[in-house]
Amino acid sequence: MFGAIAGRYDLLNSVLSLCTHKWWRRVALCQCGLCPGMTALDVGAGTADMAIGMAARVGPAGRVIGVDFCEPMLRVGAGKLDARGLSGGVQLVSGDAQALPLAGDSVDAAITAFVLRNVTDVQRTFCEMARVTRPGGMVVSLELSRPSSGLLRRFYYLYFYRVLPRIGGLLSRKDAYTYLPNSLTDFHSVDELSEMMRRAGLRDVRALPLMGGIAAVHVGTK
Ligand SMILES: C[S@@+](CC[C@H](N)C(=O)[O-])C[C@H]1O[C@@H](n2cnc3c(N)ncnc32)[C@H](O)[C@@H]1O
């Protein structure tokens, strides 16, 4: 499915979120504690937006690895890295988020954005992110969530379940943009995700709701 929408994925992200995803990404990236020279991991890197943000933070002396199993998404990401002159510092690797092709304690921070709704086993993905992160490093997730206020939820669901699939159908593939809201319906709550991070061995876990809970950033320390 992601292979089929890869070419227009970035455009749809900006249209459907009215560009707010860029702000959400910045909030998540700020939680990674990245400094020049560090090594960072983007799990389910897709078209590499988070990897590009991490590359800016770790600088030319640092290293970023992006893992995703969808080659067409990675190809779009590779084109963006080339255009920005970042191909040297960012390595895009084909692999499964639930069995990361990295050694233990090998990165300073691991992030994942809009991926957990799509994996079969969220707990295992957190465990893998924790495994490859060095002690003291940060594990961060950015994911869509359900607004806490009843009124906001009503308006948001009207948009998310009714309007969004139509716009997605006009600009890209309707099945993928019907899947998008459906993937949130039975997805874990903010508290459940926090608990899973703790079970993965992370400490000081906290959740930051964004825009009334439309999205949430989760942060934990290895
Ligand atoms: C909604 S996109 C998010 C892409 C990117 N992280 C972003 O912020 O835009 C979800 C991505 O997760 C990838 N993905 C889903 N399950 C995966 C898994 N088990 N292993 C690796 N990548 C996975 C998909 O291929 C897709 O590129």
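**Exercises on salt bridges and strands**

D49 and K80 form a salt bridge in which the closest N and O atoms are 2.6 Å apart, where a salt bridge is a side-chain nitrogen of Lys or Arg within 4 Å of a carboxyl oxygen of Asp or Glu. The model is a predicted one, in which local features need pLDDT of at least 70 and side-chain atom pairs count only at pLDDT 80 or more, while totals for chains, interfaces and linings use all residues. Residues are numbered from 1 along each chain as its sequence is written, and side-chain values use heavy atoms, with hydrogens and water left out.

**Exercise 1.** Work out which elements hold D49 and K80, and decide for each residue whether it is buried or partly exposed.

*Solution.* Step two is to apply the cut-offs, by which buried means under 20% relative accessible area, exposed over 50%, and partly exposed in between, with a 1.4 Å probe and protein chains only. D49 has a relative accessible area of 21% and is therefore partly exposed, whereas K80, at 13%, counts as buried.

**Exercise 2.** Find what the salt bridge between D105 and K222 ties together.

*Solution.* The side chains of these two residues, D105 and K222, meet at 2.7 Å, N to O. D105 lies in the loop between β3 (90-94) and β4, and K222 in the segment after β7, so the pair ties together parts that are 117 residues apart in sequence. D105 is partly exposed at 44% relative accessibility, and K222 is partly exposed at 23%.

**Exercise 3.** Describe how strand β5 (residues 133-144) is covered and how β5 pairs with β4 and with β7.

*Solution.* Begin with the covering: 9 of the 12 residues of β5 are buried, so that the strand is mostly covered. Next, take the pairing, for which DSSP must find at least two bridges between two strands. Strand β4 (residues 107-113) runs parallel to β5 and is joined to it by 6 bridges, and V140 in β5 is the bridge partner of I111. Strand β7 (residues 215-221) pairs with β5 in the antiparallel sense over 7 bridges, with A216 in β7 as the bridge partner of E143.

Key: Helix = DSSP H or I, 4+ residues; strand = E, 2+ residues; numbered from the N terminus.
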